[in-house]
Amino acid sequence: MKAALLEKTRVMSVGDQPDPGLPADHALVRVATSAICGTDVSIWAGKMPARIPLIPGHECTGTVEQVGESVTRLKVGDRVVLNPLSSCGTCFYCVRGLTNICLHGGLRGREVPGTFAEYIAVRETEAFAFPEHVSFAAATNFVGLYTVVYSQRKAPYIAGARVAVLGQGSSGLLHTQLAKVSGASSVIAVTRSKWKLEVAKEMGADEIVPAGEVDPVEAVRDLTDGLGADIVIETAGAAETMVQAYDMVRPGGAILQFGIGPAQVDGVPGQAYYFKDLTVIGSRAGLPEDFESAIRLVATGQIDLEPLVTHHFALDDIQAGFEFVDAGGDGGTLRAVIDIAN
Ligand SMILES: [Zn+2]
Ligand SMILES: [Zn+2]
């Protein structure tokens with residue numbers, strides 16, 4: 001099969017790779033689209049450790065082309081999105097249902113072979129069928145949405161809360177949409193990017209804060225009667241916004257630390273946990289049940305994934321696609337995807 005191979009840092013080639021086998025409990029998926037996620041770019045750029053050389057990619061949709069003999073959950077022709085994680089099913093964490101922190105699995109395209117390929121074989125429990133009306137490209141965002149559902153599910157509450165969302169990339173926009181759907185009394189979208197603030201408004205943000213022009217901490221306090229937000233969701237994964245979250249959350253409130261931050265963050269106020277009586281909640285990817293929720297939210301029209309894909313590249317141009325995303329896109333970029341088949 002044809003596939004991309006990350007040979008070494010920042011060097012990707014496209015060529016022949018062995019076809020995947022088909023164990024009895026696996027489905028063979030013909031890949032339609034695989035998105036270029038920030039994590040893929042971090043791996044490509046050598047900023048995140050990975051088992052290189054390998055086929056990169058983890059946000060993938062496609063069509064079930066063949067099923068192993070014991071498969072009952074999927075059938076040939078199903079349009080599916082893949083769990084970005086492969087898990088063993090038997091370790092300490094998997095038996096507790098926490099497949100996201102499996103001791104022996106990992107992220108496709110980082111610890112295990114990825115999805116920038118014509119075919120991939122996955123356990124039948126690692127693929128989720130989605131409705132016909134969602135395009136393959138848009139459906140790659142189910143991978144983002146399931147992580148957002150998991151993160152917000154861990155919040156003490158969303159209904160009635162004043163929620164600030166820091167960063168309005170594709171994940172931030174999904175957090176904005178989901179917080180609104182979940183009954184937040186107001187959602188405050190914060191980013192430096194003015195055009196993303198306009199998109200956030202269209203997706204349900206009640207208030208927008210242009211972080212490049214005003215002090216976002218002051219702005220969020222002003223919008224919350226001087227108290228601070230009940231829930232702050234950090235999606236940018238930047239040291240600056242991670243520290244801002246501590247300053248703009250109200251005493252007794254909670255921070256959802258969703259973005260993958262740098263290894264160390266200077267400036268986190270060590271005494272805030274005590275004096276502000278804070279709850280800080282991390283989350284890593286999500287659980288299979290969050291895919292079911294994500295797909296229902298889109299199937300019922302409560303969350304819209306279609307506007308999130310702004311750029312398409314062919315598999316042969318994957319190196320250019322990564323360079324484009326790494327350079328920050330073209331000033332109107334949310335998600336770039338690699339189209340592999342239809
Ligand atoms: Zn991703
Ligand atoms: Zn496991």
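The donor residues of the zinc ion (ligand 1) follow the spacing C-x20-H-E in sequence. Cysteine 37 sits in the loop between strand S3 (26-36) and helix H1 (38-44), and glutamate 59 in strand S4 (residues 59-67), so the pair ties together parts that are 22 residues apart in sequence. The model is predicted: local features need pLDDT of at least 70, side-chain atom pairs count only at pLDDT 80 or more, and totals for chains, interfaces and linings use all residues. Residues are numbered from 1 along each chain as its sequence is written, chains are lettered from A and ligands numbered from 1 in the order in which they are written, and side-chain values use heavy atoms, with hydrogens and water left out.

**Zinc ion (ligand 1)**

- The protein donors are Cys37 (SG), His58 (NE2) and Glu59 (OE), at 2.0 to 2.3 Å from the zinc ion (ligand 1). Donors are N, O and S atoms within 2.8 Å of the metal (3.2 Å for Na, K and Ca); water is not among the atoms, so sites may look incomplete.
- Cysteine 37 is buried, because its relative accessibility is 9%. Buried means under 20% relative accessible area, exposed over 50%, and partly exposed in between (1.4 Å probe, protein chains only).
- Glutamate 59 has 4% relative accessibility and so is buried as well.

**Zinc ion (ligand 2)**

- Cys88 (SG), Cys91 (SG), Cys94 (SG) and Cys102 (SG) coordinate the zinc ion (ligand 2) at 2.3 to 2.4 Å.
- The sequence spacing of these donor residues is C-x2-C-x2-C-x7-C.
- The arrangement around the zinc ion (ligand 2) is tetrahedral because the four donor atoms subtend angles of 104 to 117°. Four donors count as tetrahedral if all angles lie between 85 and 135 degrees. The ideal angle for four tetrahedral donors is 109.5 degrees.
- Cysteine 94 and cysteine 102 are both buried.

**Aromatic pairs and charges over rings**

- The whole structure holds 10 aromatic pairs. Rings of Phe, Tyr and Trp (its six-membered ring) pair if their centres lie within 6.5 Å; planes under 30 degrees apart count as stacked, over 60 as edge-to-face and the rest as tilted.
- Phenylalanine 130 and phenylalanine 136 make an edge-to-face pair, 6.1 Å centre to centre with 90° between the planes. Phenylalanine 130 is buried at a relative accessible area of 6%, and phenylalanine 136 is buried at 13% relative accessibility.
- Tyrosine 246 and tyrosine 273 are also edge-to-face, because their ring centres are 5.8 Å apart and their planes at 75°. Tyrosine 246 belongs to helix H7 (residues 239-248) and tyrosine 273 to helix H8 (residues 272-275), so the pair ties together parts that are 27 residues apart in sequence.
- Tyrosine 246 is buried, with a relative accessible area of 8%, whereas tyrosine 273 is partly exposed at 40% relative accessibility.
- One aromatic cluster is formed by Trp44, Phe116 and Phe322.
- Arginine 79 lies over the face of phenylalanine 136, 4.3 Å from the ring centre. A charge sits over a ring if NZ of Lys or CZ of Arg is within 6 Å of the ring centre and within 35 degrees of the ring normal.
- Arginine 96 lies over the face of phenylalanine 92, at 3.8 Å from the ring centre.

- Strand S11 (residues 186-191) pairs with strand S12 (residues 207-210) in the parallel sense over four bridges. Two strands pair if DSSP finds at least two bridges between them. Helices (H or I, at least four residues) and strands (E, at least two) are DSSP runs, numbered from the N terminus.
- Threonine 191 has proline 210 in S12 as its bridge partner.
- A right-handed β-α-β unit is made by S11, helix H5 (residues 194-202) and S12. Right-handed means that, with the strands pointing away from the viewer, the path from the first strand over the helix to the second runs clockwise.

Notes. Four donors count as tetrahedral if all angles lie between 85 and 135 degrees; four count as square planar and six as octahedral if opposite donors are over 155 degrees apart and all others between 65 and 115; anything else is irregular.
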